Amino acid sequence: MTEKIYVIHENEEWTAHLFKRLDELGLPYEDWFTDESVVDLTEAPPEGVFYSRMSASSHTRGHRYAPEVTEALLAWLEHHGRKVFNGSRALRLEVSKVNQYMALNAAGVRTPKTIAANGKEQVLEAAKRLNAPSFITKHNRAGKGLGVQLFYSLEALEEFVEGPSFGDSVDGITLIQEYIQAPEPYITRCEFVGGKFVYAVRVDTSEGFELCPADACQIGDIFCPVGEEVEEKPKFQVIEGFNDPIITKYEEFLRQNNISVAGIEFIRDENGEIFTYDVNTNTNYNAEAEAKAGKFGMLELAKFLGEQLKTPAGAVK
């Protein structure tokens, strides 16, 4: 049997572009849609290259236990020594911002001050302990901006927590995080394939903190107030010649955690200090921004997977 590239995921909208690129390159692949699945631990998995695109926001698409069954699948593949990219360690970071921040800090990457809490009273206690003039809440297992709200006082948080809009993260953990005020309304997202930097994107946040290139999620103007703009600017724009020491730190972070493909987001404060707040191990790319820049993340990913398919078992190119 000819070896293939197996793409593990739970969202067909996020694999269509990758499958198109794999088709263009004439690479054999199989779609492994993972939601309600069977993992036969008594059998050996097929040979080939396995790439996981499991998402922390799967529960918002009706796939509540997709990450858990994918964890079982990845454990099975890794036990049998299969070539897995974005495996169990990447999944652990994908579904927990707490794990992300601890791993980023271990690699010397600065993150915003954050406190994790379970329970309404504990969320309020965490905000008191953080003692920041402004802060945000967010879900620990998130994606799509879930649970993100900006607050300027404990009273506003208490009203929110006791009101009908408050909802727990799917894992029960709410994060209270210092709000980093940027002098300009944008964040930067760095894309990596094969653990190496591909390009950086400037994301305009003036109309809300919609960060996912493929699945933008409006979370309200309260987070980033809308300013008057004289000219219309693209929301996503590839930054030509981006070069910052943070890239080296990010690549080391990816190496330490066995992550091959990721989008890492950061914001600069008024002093130019970088704060990294999110790692996306099922990263997507904005087609319009890529077309203007002539750089294509999914093409680079397809090429990378193709190279790994040609590399002998046990080796990574």
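Q: In which helix is Gln100 found?
A: This is a predicted model, in which local features need pLDDT of at least 70, side-chain atom pairs count only at pLDDT 80 or more, and totals for chains, interfaces and linings use all residues. Residues are numbered from 1 along each chain as its sequence is written, and side-chain values use heavy atoms, leaving out hydrogens and water. Helices (H or I, at least four residues) and strands (E, at least two) are DSSP runs, numbered from the N terminus. The run of residues 97–106 holds Gln100, and this is helix H4.

Q: Is Gln100 buried or exposed?
A: Buried means under 20% relative accessible area, exposed over 50%, and partly exposed in between (1.4 Å probe, protein chains only). Because its relative accessibility is 1%, Gln100 counts as buried.

Q: What is the order of the strands in the open sheet of four strands?
A: Two strands pair if DSSP finds at least two bridges between them. Strand S2 (29–33) and strand S4 (83–85) each pair on one side only, as edge strands. With parallel pairing, the order is S2-S1-S3-S4.

Q: Which helix packs on this sheet?
A: Contact means heavy atoms within 4.5 Å. The helix spans residues 66–79 and touches S1, S2, S3 and S4. The one that packs on the sheet is helix H2.

Conventions. Axes are lines fitted to C-alpha atoms, for helices over the stretch in contact, and angles run from 0 to 180 degrees between N-to-C directions.
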